[in-house]
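Hi,

Here is the structure I promised to pass along.

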Amino acid sequence: MNDIQVIERDGQRVLTTQQLAEKYGADIKVISNNFNRNLDKYQEGVHYFKLEGADLKAFKATIHQNDEQSNRAPSMYLWTERGALLHAKSLNTAKA
């Protein structure tokens, strides 16, 4: 993925979990597991935004993603720059 689609949420540039995984050379499940193991380090609104319900539906209507799994997911995380950097600290990939 050479060109990342620019997404903004509450005035911040964010990445989807899929974009973050692709940029860091990791699997989406690794990103998710990393987040779940380190929940105490992540703060909603600072490191990520969790979309559910009407917010998620509106987001999916405006963003074009080729990830079939995220199209069926009941929630989605958007990672801020600080959240992406926090992932990079604990992921064990060359790109991170």
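Below is what turned up on salt bridges and on one of the pockets.

Keep in mind that this is a predicted model.

Salt bridges first: there are two of them in the structure. One pairs Arg9 with Asp55, with 3.6 Å between the closest N and O atoms. That pair ties together distant parts of the chain, since Arg9 sits in strand S1 (residues 7–9) and Asp55 in helix H3 (residues 53–62), 46 residues apart. Arg9 has a relative accessibility of 22%, so it counts as partly exposed. Asp55 also lands in the partly exposed class, because its relative accessibility is 44%.

The other bridge joins Lys50 to Glu52, and here the closest N and O atoms are 3.8 Å apart. Lys50 is partly exposed at 31% relative accessibility, and Glu52 is partly exposed too, with a relative accessible area of 44%.

Now the pocket. Which residues line the second largest pocket? They are Ile4, Gln5, Val6, Ile7, Arg13, Val14, Leu15, Trp79, Thr80 and Glu81. Strand S2 (residues 12–16) gives the largest share of that lining, with three residues. Sorted by class, the lining has six nonpolar residues, two polar ones and two charged ones.

Cheers

Definitions and conventions. Residues are numbered from 1 along each chain as its sequence is written. This is a predicted model: local features need pLDDT of at least 70, side-chain atom pairs count only at pLDDT 80 or more; totals for chains, interfaces and linings use all residues. Side-chain values use heavy atoms; hydrogens and water are left out. A salt bridge is a side-chain nitrogen of Lys or Arg within 4 Å of a carboxyl oxygen of Asp or Glu. Helices (H or I, at least four residues) and strands (E, at least two) are DSSP runs, numbered from the N terminus. Buried means under 20% relative accessible area, exposed over 50%, partly exposed in between (1.4 Å probe, protein chains only). On a 1 Å grid over the protein atoms alone, a cavity is a set of points where a 1.4 Å probe fits but cannot get out, and a pocket is an open set with protein on both sides within 12 Å along at least five of seven lines; lining residues have an atom within 4 Å of a point. Ala, Val, Leu, Ile, Met, Phe, Trp, Tyr, Cys and Pro count as nonpolar, Asp, Glu, Lys and Arg as charged, and the others, Gly among them, as polar.
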